[in-house]
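Visitor: Please walk me through the packing, the pockets and the backbone of this model.

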Amino acid sequence: MICFTLSADTLHGMSTQVDRYRGHFDALELRLDLLRQNEREELLRGGTFPAWASEIPVILTFRRESDGGGWNGDNTERLNFLTALVAEHAGHLVGEGQKVFLDLEDDVVALDAGRKAADTATSYGVQIIRSRHDFERTPEDPAATLAELRACGGPGEIPKLAVHVRGSRDLVRLVRAAALGDGRAIIVGMGPYGFPTRVLAPRLGLLLSYSSDAGQGRGPVAPGQIDPQSMAEVYRYRSAGPTTAVFGIIGNPVLHSRSPAFHNAEFGRQGRNAVYVPFPTDDLTAFRELMELLDIRGLSVTIPHKEMVADWFTGAAVQAALPAPAAAERVSELAAVGACNTVTRDTRGNLFGANTDVAGFLEPLLSRLPDLNNRGVTVVGAGGAARAVVYGLLKAGARVLVLNRTLHRAESLAGEYAILGKITAGALEPESLPAVILHNDVIVQTTSVGMKPDTDADPLAFYTFAGTEVLYEIVYAPPRTRLLARAEEAGCRVVGGEEMFLAQAKLQAAMFSQV
Ligand code: NAP
């Protein structure tokens, strides 16, 4: 179930939230603590319950500040309010066949008011969600915590553990705990590292996942939450289940990546029971455990892990085994560039690595200039992306000039690839202008300069376009950088970063379809 947490401070505001995402959620969480006091009291005095809250399963939650909520008043008053609210409305709702849940924290079992709220609720057929929150850390043994939550209240309660995930190791522990569940637990990994638990809830056999009006108003109710429409449409939540194949992207940071939208849409088109998830990753050894636990079938790899993941694959053994037809070439590109952006895993757990950046870069360029042989090309930048770009250009026969802010990085890249063709290096400064003029059939921009939010920056401001160049900008956000706009205005043919992104992603998708 996708549970939509209503976070407005009035019932009218909540009803607007419901209308905005109608059709994209399966349950609602009514956050009583976020409502204004008079609105909350109105629920008791007026005697009417909002119509939208009586259409689908509803969770009543009145959260304390210490648990991430908005209530900083008296705890007994809070629990008594819940008791009164349930007594006022639950009988009617449950009688109409609606599922009603009451979220109560585990520590309130020690209080008379807490026990009374639970007893009243169960007497009306309301199910208790027994919750514990930790905004600092993930427990050492989350499965034991879940067992404590199951045991602390009455029979049949639903345990809910919402904890801050500090890194990949914490995520492994949470996923292990989920695997031991019975389909009636709620586990929420908060923060970027916990994000996979939110979108993988159906795959992990969890009861529900929370979403909120993330892009609107007050923003996400808990760290890492996204809106219900993205859960349903981008992450294919409703078609996922325990047999769904898991794919993803590892990087750090990675939640901004466009790859999930691309690959999930691709799975949708193929009618494949699969989901693609961003995994912010700070520990590759822990992530390897996660790959086994989740039976992850394929991965995209991005900054800063491409080089380290390349080390997983040692030459010949990998080359021999990769399944896709054109893949042998992608594998040799991995070895030459020393960076891996694609991993697949067969049913026996064998890993295969490849690099689709080289071919993804070349494809849009070759559609403009089919013959690069002896063409002069200036590559701006000498980072990870530049390695794939320079390798591809040299293999295609181009003469390459690498310019970089840090000169020695350009020199070392040129030194490393000298064996493959004609390559020189220079500093990213006006003194390099004469050399650029000798290498200006194509200019490739591979630095992060000009990327959002610094969209006014132009790494090649000292160069005036003649209009005969092909300008290839690999930054894709924004789609039209200052440099690209300047080249286009001068009459140049241009290639934007979007094209490279799509070309490399399509090659990955072809490899993912083999496993
Ligand atoms: P990287 O390895 O960190 O390299 C960054 C490069 O940018 C280095 O050459 C660095 O120069 C240079 N740079 C950074 N800040 C600079 C500044 N203020 N002035 C001048 N140069 C600067 O990153 P990467 O993996 O190569 O990625 C670079 C860009 O390519 C990113 O924007 C990424 O999103 C984009 N990209 C796009 C695609 C696509 O499919 N379209 C694929 C891969 C990457 P120094 O050596 O002097 O630090």
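Predicted model: local features only at pLDDT ≥ 70, side-chain atom pairs only at ≥ 80, totals over all residues.

Visitor: At what angle do the axes of helix α3 and helix α4 cross?

Guide: Helices (H or I, at least four residues) and strands (E, at least two) are DSSP runs, numbered from the N terminus. Axes are lines fitted to C-alpha atoms, for helices over the stretch in contact, and angles run from 0 to 180 degrees between N-to-C directions. For α3 (residues 75-95) and α4 (residues 112-123), the axes come within 9 Å and the crossing angle is roughly 15°.

Visitor: Why is α3 roughly parallel to α4?

Guide: Angles under 35 degrees count as roughly parallel, over 145 as roughly antiparallel, 65 to 115 as roughly perpendicular and the rest as oblique. The axes of α3 and α4 cross at roughly 15°. That angle makes α3 and α4 roughly parallel.

Visitor: Are α2 and α3 oblique or roughly parallel to each other?

Guide: The axes of α2 (residues 37-45) and α3 come within 9 Å and cross at roughly 40°. Gln37, Arg40, Leu43 and Leu44 of α2 meet Glu77, Phe81, Ala84, Leu85, Glu88 and His89 of α3, a contact with 5 nonpolar, 2 polar and 3 charged residues. Given their angle, α2 and α3 are therefore oblique.

Visitor: Is the crossing of α6 and α10 left-handed or right-handed?

Guide: Helix α6 (residues 168-179) and helix α10 (residues 284-293) pack at about 20° with axes 8 Å apart, and are therefore roughly parallel. A crossing is left-handed if the near helix is turned anticlockwise from the far one by less than a right angle, and right-handed if clockwise. α6 passes α10 in a crossing that is left-handed.

Visitor: Which element gives the largest share of the lining of the largest pocket?

Guide: On a 1 Å grid over the protein atoms alone, a pocket is an open set of points where a 1.4 Å probe fits, with protein on both sides within 12 Å along at least five of seven lines; lining residues have an atom within 4 Å of a point. The largest pocket holds about 1400 Å³, a volume being the space filled by probe spheres set on the points, which are joined across faces, edges and corners. Of its 44 lining residues, the closest to the centre are Thr302, Ile303, Ala385, Met451 and Ile474. The largest share, 5 residues, comes from α19.

Visitor: Which elements give two or more residues to the lining of the second largest pocket?

Guide: The second largest pocket has about 210 Å³ of space. Among its 13 lining residues, Tyr235, Leu255, His256, Ser257 and Pro260 are the closest to its centre. Two or more residues each come from α8 (228-234) and α9 (259-270).

Visitor: Where does Pro304 lie?

Guide: Ile303 and Pro304 are joined by a cis peptide bond, with omega about 5°. Pro304 lies in the loop between β11 and α11.

Visitor: Where is the place of Pro478?

Guide: A cis peptide bond also joins Ala477 and Pro478, with omega about 10°. Pro478 is in the loop between β18 (470-473) and α18 (482-489).

Technical notes: Residues numbered from 1 in each chain as written. Heavy atoms only, no water. Contact = heavy atoms within 4.5 Å. Nonpolar A, V, L, I, M, F, W, Y, C, P; charged D, E, K, R; others polar.
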